[in-house]
Amino acid sequence: MTSPDDEKHSTDETLPMPSGQELESPIPGVKAGPSAREMARQEQEHADLTPEELDALDTPVGQILAERYKILDRLGSGGMAIVYRARHQTLRTTVAVKVLKRRLAADRVSVMRFHREAMAAASVGNPHIVHIIDYGFTSSGDAFIVMEYLEGLSLREVVRSEGPLALGRAVSLCRQILRGLEAAHGQGIVHRDLKGDNVFVTCQGGRDFV
(Lines give C-alpha, C1' and ligand atoms only; values in the text may rest on other atoms or scores of the structure.)
Protein backbone atom coordinates (compact mmCIF):
# COMPACT_ATOMS: atom_id res chain seq x y z
CA MET A 1 0.00 0.00 0.00
CA THR A 2 1.27 3.49 -0.79
CA SER A 3 0.64 6.76 0.99
CA PRO A 4 -0.33 9.96 -0.86
CA ASP A 5 3.30 11.06 -0.61
CA ASP A 6 4.42 7.79 -2.23
CA GLU A 7 2.00 8.32 -5.08
CA LYS A 8 3.83 11.37 -6.36
CA HIS A 9 6.92 9.21 -6.85
CA SER A 10 5.13 6.34 -8.56
CA THR A 11 6.41 5.28 -11.98
CA ASP A 12 2.95 5.68 -13.53
CA GLU A 13 1.97 9.01 -12.08
CA THR A 14 -0.80 10.84 -13.94
CA LEU A 15 -0.56 14.58 -13.35
CA PRO A 16 -2.46 17.19 -15.37
CA MET A 17 -0.41 19.69 -17.35
CA PRO A 18 -1.64 23.29 -17.51
CA SER A 19 -2.61 24.54 -20.94
CA GLY A 20 0.34 25.80 -22.94
CA GLN A 21 2.95 24.45 -20.51
CA GLU A 22 5.85 22.36 -21.82
CA LEU A 23 7.07 19.21 -20.14
CA GLU A 24 10.27 19.92 -18.27
CA SER A 25 13.08 17.59 -19.32
CA PRO A 26 14.56 15.66 -16.36
CA ILE A 27 18.04 15.73 -17.92
CA PRO A 28 19.84 19.11 -18.23
CA GLY A 29 20.40 20.20 -21.81
CA VAL A 30 17.73 17.92 -23.28
CA LYS A 31 15.04 19.52 -25.41
CA ALA A 32 11.77 19.92 -23.54
CA GLY A 33 8.64 18.15 -24.63
CA PRO A 34 5.79 19.57 -26.68
CA SER A 35 3.40 22.06 -25.13
CA ALA A 36 -0.23 21.26 -24.44
CA ARG A 37 -1.16 23.34 -27.49
CA GLU A 38 1.18 21.30 -29.69
CA MET A 39 -0.28 18.06 -28.29
CA ALA A 40 -3.78 19.31 -29.11
CA ARG A 41 -2.67 20.11 -32.66
CA GLN A 42 -1.20 16.61 -33.09
CA GLU A 43 -4.34 15.03 -31.67
CA GLN A 44 -6.47 16.87 -34.23
CA GLU A 45 -4.08 16.01 -37.04
CA HIS A 46 -4.29 12.27 -36.28
CA ALA A 47 -7.98 12.22 -35.32
CA ASP A 48 -9.09 10.40 -38.48
CA LEU A 49 -6.38 7.72 -38.44
CA THR A 50 -7.02 4.15 -37.29
CA PRO A 51 -4.77 2.55 -34.60
CA GLU A 52 -3.06 0.52 -37.36
CA GLU A 53 -2.38 3.67 -39.39
CA LEU A 54 -1.01 5.40 -36.31
CA ASP A 55 1.33 2.46 -35.65
CA ALA A 56 2.64 2.84 -39.20
CA LEU A 57 3.79 6.36 -38.25
CA ASP A 58 6.07 5.00 -35.52
CA THR A 59 9.84 5.12 -35.85
CA PRO A 60 10.91 3.08 -38.93
CA VAL A 61 14.04 0.92 -39.03
CA GLY A 62 16.92 2.88 -40.54
CA GLN A 63 15.78 6.26 -39.25
CA ILE A 64 18.20 8.48 -37.33
CA LEU A 65 16.50 9.40 -34.06
CA ALA A 66 17.36 12.74 -32.46
CA GLU A 67 20.25 13.12 -34.94
CA ARG A 68 22.38 10.51 -33.15
CA TYR A 69 20.66 7.13 -32.75
CA LYS A 70 20.25 4.96 -35.85
CA ILE A 71 17.36 2.50 -35.45
CA LEU A 72 18.60 -1.01 -36.36
CA ASP A 73 15.64 -3.25 -35.60
CA ARG A 74 12.57 -3.59 -33.44
CA LEU A 75 12.93 -5.60 -30.23
CA GLY A 76 9.35 -5.56 -28.98
CA SER A 77 6.42 -3.42 -27.93
CA GLY A 78 4.01 -2.92 -25.07
CA GLY A 79 0.86 -0.97 -24.50
CA MET A 80 2.58 2.42 -24.46
CA ALA A 81 5.91 2.12 -26.24
CA ILE A 82 8.03 0.31 -28.79
CA VAL A 83 11.61 -0.76 -27.99
CA TYR A 84 14.30 -0.73 -30.68
CA ARG A 85 17.93 -1.74 -30.92
CA ALA A 86 19.92 1.27 -32.09
CA ARG A 87 23.48 2.49 -32.59
CA HIS A 88 24.91 5.78 -31.41
CA GLN A 89 26.28 7.34 -34.58
CA THR A 90 29.29 8.97 -32.92
CA LEU A 91 30.24 6.54 -30.17
CA ARG A 92 29.29 3.46 -32.28
CA THR A 93 27.78 1.81 -29.21
CA THR A 94 24.63 -0.33 -29.23
CA VAL A 95 21.73 0.90 -27.11
CA ALA A 96 18.05 0.16 -26.56
CA VAL A 97 15.66 2.99 -27.42
CA LYS A 98 12.12 3.05 -26.03
CA VAL A 99 9.81 5.32 -28.03
CA LEU A 100 6.31 6.34 -26.93
CA LYS A 101 3.78 5.17 -29.50
CA ARG A 102 2.70 7.86 -31.93
CA ARG A 103 -0.97 7.29 -31.10
CA LEU A 104 -0.20 8.45 -27.54
CA ALA A 105 1.89 11.49 -28.48
CA ALA A 106 -1.06 13.86 -27.99
CA ASP A 107 -2.18 12.23 -24.72
CA ARG A 108 -0.78 14.36 -21.89
CA VAL A 109 -1.30 11.62 -19.30
CA SER A 110 0.71 9.10 -21.35
CA VAL A 111 3.51 11.56 -22.04
CA MET A 112 3.70 12.46 -18.34
CA ARG A 113 3.86 8.77 -17.37
CA PHE A 114 6.70 8.25 -19.85
CA HIS A 115 8.46 11.34 -18.52
CA ARG A 116 8.16 10.09 -14.93
CA GLU A 117 9.45 6.65 -15.92
CA ALA A 118 12.65 8.21 -17.28
CA MET A 119 13.17 10.31 -14.16
CA ALA A 120 12.44 7.41 -11.81
CA ALA A 121 14.78 4.91 -13.48
CA ALA A 122 17.58 7.47 -13.84
CA SER A 123 17.43 8.40 -10.14
CA VAL A 124 17.97 4.92 -8.66
CA GLY A 125 21.56 4.18 -9.69
CA ASN A 126 21.56 0.46 -8.82
CA PRO A 127 23.13 -2.36 -10.91
CA HIS A 128 19.81 -4.24 -10.84
CA ILE A 129 17.93 -1.29 -12.38
CA VAL A 130 18.45 -0.64 -16.09
CA HIS A 131 20.81 2.26 -16.75
CA ILE A 132 19.24 5.29 -18.46
CA ILE A 133 21.60 6.95 -20.94
CA ASP A 134 19.47 9.64 -22.55
CA TYR A 135 15.96 11.04 -22.66
CA GLY A 136 14.18 13.59 -24.79
CA PHE A 137 11.86 14.41 -27.66
CA THR A 138 12.46 14.26 -31.38
CA SER A 139 11.81 17.25 -33.65
CA SER A 140 8.38 15.74 -34.40
CA GLY A 141 7.53 15.50 -30.68
CA ASP A 142 8.10 11.77 -30.11
CA ALA A 143 9.23 11.04 -26.55
CA PHE A 144 12.07 8.54 -26.19
CA ILE A 145 14.24 6.93 -23.51
CA VAL A 146 17.69 5.50 -24.30
CA MET A 147 18.85 2.60 -22.12
CA GLU A 148 21.78 0.23 -21.93
CA TYR A 149 21.38 -2.67 -24.38
CA LEU A 150 21.16 -6.02 -22.60
CA GLU A 151 21.68 -9.53 -23.95
CA GLY A 152 19.42 -12.14 -22.39
CA LEU A 153 15.78 -13.04 -21.77
CA SER A 154 12.93 -11.79 -19.65
CA LEU A 155 12.17 -13.89 -16.57
CA ARG A 156 8.91 -14.90 -18.24
CA GLU A 157 10.81 -16.23 -21.26
CA VAL A 158 13.25 -18.10 -19.00
CA VAL A 159 10.43 -19.89 -17.15
CA ARG A 160 8.54 -20.64 -20.36
CA SER A 161 11.60 -22.18 -22.02
CA GLU A 162 13.05 -24.02 -19.01
CA GLY A 163 10.04 -24.78 -16.83
CA PRO A 164 10.21 -24.71 -13.01
CA LEU A 165 13.57 -23.35 -11.85
CA ALA A 166 15.85 -25.06 -9.36
CA LEU A 167 15.32 -23.73 -5.84
CA GLY A 168 18.79 -22.19 -5.53
CA ARG A 169 18.48 -20.40 -8.87
CA ALA A 170 15.00 -19.09 -8.04
CA VAL A 171 16.20 -17.76 -4.69
CA SER A 172 19.18 -16.04 -6.33
CA LEU A 173 16.94 -14.34 -8.90
CA CYS A 174 14.47 -13.22 -6.24
CA ARG A 175 17.22 -11.77 -4.06
CA GLN A 176 18.48 -9.68 -6.97
CA ILE A 177 14.97 -8.48 -7.77
CA LEU A 178 14.54 -7.45 -4.13
CA ARG A 179 17.86 -5.56 -4.16
CA GLY A 180 16.63 -3.54 -7.12
CA LEU A 181 13.29 -2.85 -5.44
CA GLU A 182 15.03 -1.90 -2.19
CA ALA A 183 17.10 0.68 -4.08
CA ALA A 184 13.99 2.07 -5.78
CA HIS A 185 12.09 2.25 -2.49
CA GLY A 186 15.07 4.07 -1.00
CA GLN A 187 14.44 6.80 -3.57
CA GLY A 188 10.72 6.90 -2.73
CA ILE A 189 9.77 5.09 -5.96
CA VAL A 190 7.09 2.37 -6.15
CA HIS A 191 7.28 0.21 -9.28
CA ARG A 192 3.63 -0.96 -9.40
CA ASP A 193 4.12 -3.20 -12.45
CA LEU A 194 6.43 -5.96 -11.26
CA LYS A 195 6.04 -9.08 -13.45
CA GLY A 196 8.14 -11.57 -15.37
CA ASP A 197 8.10 -9.44 -18.52
CA ASN A 198 9.72 -6.57 -16.60
CA VAL A 199 12.54 -8.61 -15.07
CA PHE A 200 15.44 -9.13 -17.50
CA VAL A 201 17.94 -11.94 -16.90
CA THR A 202 21.45 -11.52 -18.31
CA CYS A 203 24.65 -13.44 -17.66
CA GLN A 204 27.67 -12.10 -15.78
CA GLY A 205 30.62 -14.31 -14.89
CA GLY A 206 28.66 -17.38 -15.93
CA ARG A 207 25.82 -16.59 -13.52
CA ASP A 208 22.34 -15.13 -13.81
CA PHE A 209 22.26 -11.38 -13.32
CA VAL A 210 18.96 -9.49 -12.99
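This is a predicted model: local features need pLDDT of at least 70, side-chain atom pairs count only at pLDDT 80 or more; totals for chains, interfaces and linings use all residues.
Residues are numbered from 1 along each chain as its sequence is written, and side-chain values use heavy atoms, with hydrogens and water left out.

## Helix 6

Burial is judged by relative accessible area: buried means under 20%, exposed over 50%, partly exposed in between (1.4 Å probe, protein chains only). In helix 6 the buried residues are Leu-173, Gln-176, Ile-177, Gly-180, Leu-181, Ala-183 and Ala-184. They cover an arc of only 160° around the axis, so they sit on the same side of helix 6. The arc is taken from the directions from the helix axis to the C-beta atoms. Leu-167, Gly-168, Arg-175, Leu-178, Glu-182 and Gly-186 are exposed on the other side of helix 6.

What covers the buried residues? The cover includes helix 4, helix 5 (155-162), strand 8 (200-204) and strand 9 (207-209). Contact here means heavy atoms within 4.5 Å. After helix 6 comes Gly-188, whose phi is positive, near 75°.

## Salt bridges

Side chains of opposite charge can pair when their charged atoms come close. A salt bridge is a side-chain nitrogen of Lys or Arg within 4 Å of a carboxyl oxygen of Asp or Glu. The count is 8 salt bridges. The table shows some of them.

| Pair | N to O distance |
|---|---|
| Lys-98 and Glu-117 | 2.7 Å |
| Arg-102 and Asp-142 | 2.6 Å |
| Arg-169 and Glu-162 | 2.5 Å |

Lys-98 and Glu-117 meet in a salt bridge. This pair links distant parts of the chain: Lys-98 is in strand 4 (residues 94-100), Glu-117 in helix 4 (residues 108-124), 19 residues apart. Glu-117 is partly exposed, at 26% relative accessibility.

The side chains of Arg-102 and Asp-142 also form a salt bridge. Arg-102 lies in the loop between strand 4 and helix 4, and Asp-142 in the loop between strand 5 (132-137) and strand 6 (143-148), so the pair ties together parts that are 40 residues apart in sequence. Both Arg-102 and Asp-142 are buried.

Arg-169 forms a salt bridge with Glu-162. Arg-169 is partly exposed at 24%. Glu-162 is partly exposed at 45%. Shared partners join Glu-162, Arg-169 and Asp-208 into one network of salt bridges.

## Aromatic pairs

Rings of Phe, Tyr and Trp (its six-membered ring) pair if their centres lie within 6.5 Å; planes under 30 degrees apart count as stacked, over 60 as edge-to-face and the rest as tilted. The whole structure holds 2 aromatic pairs. Tyr-69 and Phe-144 are edge-to-face, 6.4 Å centre to centre with 65° between the planes. Tyr-69 in strand 2 (residues 69-77) and Phe-144 in strand 6 are 75 residues apart, so the pair links distant parts of the chain. Both residues, Tyr-69 and Phe-144, are buried.

Tyr-135 and Phe-137 are edge-to-face, at 5.9 Å and 75°. Tyr-135 is buried at 0% relative accessibility, and Phe-137 is buried at 6%.

## Cysteines

A disulfide is a pair of cysteine sulfur atoms within 2.5 Å. The count is 0 disulfides. Cys-174 is partly exposed at 43%, and Cys-203 is exposed at 55%.

Notes
Helices (H or I, at least four residues) and strands (E, at least two) are DSSP runs, numbered from the N terminus.
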